[in-house]
Amino acid sequence: MNHNSKPYVAPIDPYRPFQNNTYYSHMGYSFNDSLGAGLPLFNSHDYSHHSKRRVHPGNPSPIHGYSIHSPFIRKGGEILPHDRLPEQGMLPKKAYEAIHNDIALDGSPQLNLATFVTTWMEPTANQLYTEAFDKNLIDKDEYPKTAEIEERCIRILADLWHAPHPHTTMGVSTTGSSESCMLGGLALKRRWQNERKKQGKPIDRPNIVFSSAVQVVWKKFANYWDIEPRYVNISPDCPYLDPKGVLSSVDENTIGVVTTLGVTYTGLYEPVEQIAKCLDELQSRTGLNIPIHVDAASGGFIAPFLQPEIIWDFQIERVKSINVSGHKYGLVYPGIGWIIWREAEDLPEDLIFHVSYLGGNMSTFALSFTRPSAQVLLQYYNFLRLGKEGYYEIQKYTQSVALFLSNAIQKIEHFELLTDGSHLPVLAWRLKEGHSSHWNLYDLSRTLRTFGWQVPAYPLPPDMENVTIMRVVVRTEFSMELAQVFLMNLIESITYLDSMDRPVSNETKHHIAFKKGTPFSHPFVRT
C-alpha cells in the first residue's frame, strides 16, 4: 500500500462536471444519475439521421419491422452448423438472431471485475465510432487528417510522460499493449545488437530481466525472439521487482530491464526510480549501460493524474520507452495501445520500413498493418473531452470506489487485504489461515458468478504460488452504487459458503478459464 498517496477523498460522480442534460436530451439520450453515467435510450427515430443505420457499439440494434425472436423466420428442426460453412446463406435478420442469441449467454461487461478493459463510452463517442470504423489506419495518404490525429496523440503522450523533445520523438499506436511491448522489446534487442557489433562482440546470447509477476506478453516476447528471460521472483516482503534482484540478474548480455507500472496480479507500481538508481551505480562501477522499458499498460493513464509525485517516466534518463493501453484507463473501447520512445534515436532506424504502395511513401514500424482508425479517434476524443482536469476527476472517482471497497473488505474477518487501490484502482485479498476447511476463493468466485459478478481467483507467481488471491479491478463504469451491490452479494456468498457442513468441492484449485464451449475468458489474456 502506498502510504504517501493523497488522502482519501469522498466519492464524487466523475461525469457530473461534464454532463449537460439539455444537450443530451435533444440528442435522444438521458442520464441515469443513480449509476453516475450516461446511457442512451434508443427507439426507431433515434436512427433516422443515420443513412447507413450503423449500430452503436454496446447498444441495442436498430433493426425494425420484425421480432428477432420470431418463429416465422426459422425452418422446423433446423440446426445451424458450428464448424463448417452452411450450404446456403440466410436472411440478415436470421443471421443476426443466431449470433445475438449466442452472445446473450456471455457475462455482463459491467459486472466483469476481472478485466482492465473499458466497457462504456459516452453516446457522442459511440457516434464518432460509427463514423470511423471503416477507415483503415494504415492508409495515411487517403486519410491524412486521421493520420494527423494519431500524431497529435503521440505528441500528447510524449508531453504527458515528460519526453525531452515531445514534438520530435518517435511513437506509434498499436492494437493494444501486447503489440507495444513487442515493439519496445525489439527496439531494446536491436540497440543492444548494434552496440555489440560496434564493439566486435557476439550477439548470440541476449537476455532480458523482469519480475516473476510480469504480464505474460513479456514471456511471449522472450520466447518468440529467442531471448533468455531472467526472472526476479517476488516475495511477501517485496511483491514486485526487487532492485537488488535486478542487480544480481543483469550482465553484459542484458538488453534491458522491464518494470511494470501496475502489476497485473495486484495493481502495485514497481519502483522504477529506485531500480534506475541501482543501474546508474552499476554503470559507474562496471560501464554497463542497461536501459529500462516501463510497461505502463494500466498505470500510464493513472500515475500522471493521481500520483504526479512518483518519478517513473522519461524524467528518468535510463527509461527509453513506455507503453500504455488506451483501452484500459485511457478510457477507450478495445483495442488501442501506444508506445513512445524517449528520443527519436532510441528507436533504431533499421526497424522502420518505408512503403510506396499506399499512395505515398509511408513509414511503418508497427507489427500489424491493416486496422481500424476508430479507437485512435476515440483516444483523441477523450483527450479533448476531458483534458487533464477531467482525467484527474474520473481517475480520482474510480480510486475512491476502490478505496471504499478495500476499506469494507478488510473488515470482513475471512480476508487479509494485500493491496487497497492506492496505486492502481485495483484491490486484492487472500483468505486468512484457518478461515474454513469447507471452501476457498475459487468456490467464492464461482458463487459470485450466480449473481453475475466475474471476480478472478488465482495463485501468485513462483515462490508465492501457494498463495491464492482474489482481485477486483475498478473501472470508470463501476459506480459507487454498484460497489455497494457487489459488497452485499459478496457477503451473501460468504454466508452461503459458511453454511455448508461439508467441503464445497474436492478440488482445492479450480480455475475459471475459457474452455471450448464455455463463454468464460482468463483474466490475464491482454488484448
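Okay, let's start at one residue: leaving out residues up to four places away in sequence, Ile-292 touches Val-257, Thr-259, Val-272, Ile-275, Ala-276, Leu-279, Arg-318, Val-319, Lys-320 and Ser-321. Contact here means heavy atoms within 4.5 Å.

Quick word on the model: it's predicted, with local features needing pLDDT of at least 70 and side-chain atom pairs counting only at pLDDT 80 or more, while totals for chains, interfaces and linings use all residues. Residues are numbered from 1 along each chain as its sequence is written, and side-chain values use heavy atoms, leaving out hydrogens and water.

So where does Ile-292 sit? It's among the residues with the most contacts inside the largest nonpolar core, along with Trp-161, Val-257, Val-294 and Trp-312. That core has 62 residues. By nonpolar core I mean buried Ala, Val, Leu, Ile, Met, Phe, Trp, Tyr and Cys residues joined through side-chain atoms within 4.5 Å; buried is under 20% relative accessible area, with a 1.4 Å probe and protein chains only.

Which helix gives the largest share of this core? That's H10, with 10 residues. Helices are DSSP runs of H or I, at least four residues, numbered from the N terminus.

Now, H4 and H10 pack at about 50°, axes 9 Å apart. Axes are lines fitted to C-alpha atoms over the stretch in contact, and angles run from 0 to 180 degrees between N-to-C directions. On the H4 side, the contact includes Ile-149 and Leu-157; on the H10 side, it includes Tyr-380 and Phe-383.

Definitions and conventions. Buried < 20%, exposed > 50% of the residue type's maximum accessible area, 1.4 Å probe, protein only. Helix = DSSP H or I, 4+ residues; strand = E, 2+ residues; numbered from the N terminus.
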